[in-house]
Amino acid sequence: QVQLVESGGGLVQAGGSLRLSCLASGRTSGTYALGWFRQAPGKEREFVAVISWTGGNTHSADSVNGRFAISRDNAKNTVYLQMNSLKPEDTAVYYCAAGPWGRSWWQDGGYRYLGFWGQGTLVTVSS
């Protein structure tokens, strides 16, 4: 089992920045990638970014490329999502997830195949 706890959400004005953190505990060794999804009210869960166990591979959604950056510190068992140039449409609950690296992260509906999730942290971007 892997436990994931997100932090860092909040209210920010458009154009501002936030950094989300996700602390992983439990059986975190091995090949687990860590990443982020988001879900806005009335919408399906959406892929944001993922990083491989070594940090050597990353993949981000087109909607956040150039604005968001994912990183991880394995010594702290933590993955980060640095969010810059935030827009009102970035408003959502952001969820941390863990699972094997692969296309399931960014394929439509692929999130259903990921086994471990945090409780989510709310990000609200005001215009």
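Biologist: Why is R38 called buried?
Modeller: R38 has a relative accessible area of 6%. Buried means under 20%, so R38 is buried. This is a predicted model, and the 6% is computed from it.

Biologist: How do you know that R38 and E46 form a salt bridge?
Modeller: The nitrogen-to-oxygen distance between their side chains is 2.8 Å. The cut-off is 4 Å, so the pair of R38 and E46 counts as a salt bridge.

Biologist: Is E46 buried or exposed, or in between?
Modeller: The relative accessibility of E46 is 32%.

Biologist: What makes R38 and D90 a salt bridge?
Modeller: Their closest N and O atoms are 2.9 Å apart, and the limit is 4 Å. R38 belongs to strand β4 and D90 to the loop between β8 and β9, so this pair ties together parts 52 residues apart in sequence.

Biologist: Which residue, R67 or another, does the same test give for D90?
Modeller: D90 forms a salt bridge with R67, with the closest N and O atoms at 2.7 Å. That distance is within 4 Å. The pair links the loop between β8 and β9, which holds D90, to the loop between β6 and β7, which holds R67. These two residues are 23 residues apart.

Biologist: Why are D90 and R67 called buried?
Modeller: D90 has a relative accessible area of 1%, and R67 has 11%. Both values are under 20%, so both residues are buried. R38, E46, R67 and D90 are linked in a network of salt bridges.

Biologist: How do you know that C22 and C96 form a disulfide?
Modeller: Their sulfur atoms are 2.1 Å apart, and the rule asks for a distance within 2.5 Å. The pair of C22 and C96 is therefore a disulfide. The count for the structure is 1 disulfide.

Biologist: Which parts does the pair of C22 and C96 tie together?
Modeller: C22 lies in strand β3 and C96 in strand β9, so the link joins parts that are 74 residues apart in sequence. Both cysteines are buried. The angle about the S-S bond is -85 degrees, and the link is left-handed.

Biologist: What makes the pair of Y32 and F116 edge-to-face?
Modeller: The ring centres are 5.7 Å apart and the planes stand at 70 degrees. Pairing needs centres within 6.5 Å, and edge-to-face needs over 60 degrees, so the pair of Y32 and F116 is edge-to-face. Y32 is in strand β4 and F116 in strand β10, 84 residues apart.

Biologist: Why are Y32 and F116 called buried?
Modeller: Y32 has a relative accessible area of 13%, and F116 has a relative accessibility of 14%. Both are under the 20% limit, so both count as buried.

Biologist: What makes Y111 and W117 an edge-to-face pair?
Modeller: The planes of Y111 and W117 are 85 degrees apart, with 6.5 Å from centre to centre. The angle is over 60 degrees, so the pair is edge-to-face. Ring pairs also link Y111 and W117 into a cluster with F37, F47, W101, W105 and W106.

Biologist: Why do Y111 and W117 get their accessibility labels?
Modeller: Y111 is at 16% relative accessibility and counts as buried. W117 has a relative accessible area of 24%.

Biologist: Why does S127 count as exposed?
Modeller: S127 has 86% relative accessibility. Exposed means over 50%, so S127 counts as exposed. S127 is found in the segment after β11. Leaving aside neighbours within four places in sequence, S127 is in contact with A14 and P88.

Methods:
Residues are numbered from 1 along each chain as its sequence is written. This is a predicted model: local features need pLDDT of at least 70, side-chain atom pairs count only at pLDDT 80 or more; totals for chains, interfaces and linings use all residues. Side-chain values use heavy atoms; hydrogens and water are left out. Helices (H or I, at least four residues) and strands (E, at least two) are DSSP runs, numbered from the N terminus. Buried means under 20% relative accessible area, exposed over 50%, partly exposed in between (1.4 Å probe, protein chains only). Contact means heavy atoms within 4.5 Å. Rings of Phe, Tyr and Trp (its six-membered ring) pair if their centres lie within 6.5 Å; planes under 30 degrees apart count as stacked, over 60 as edge-to-face and the rest as tilted.
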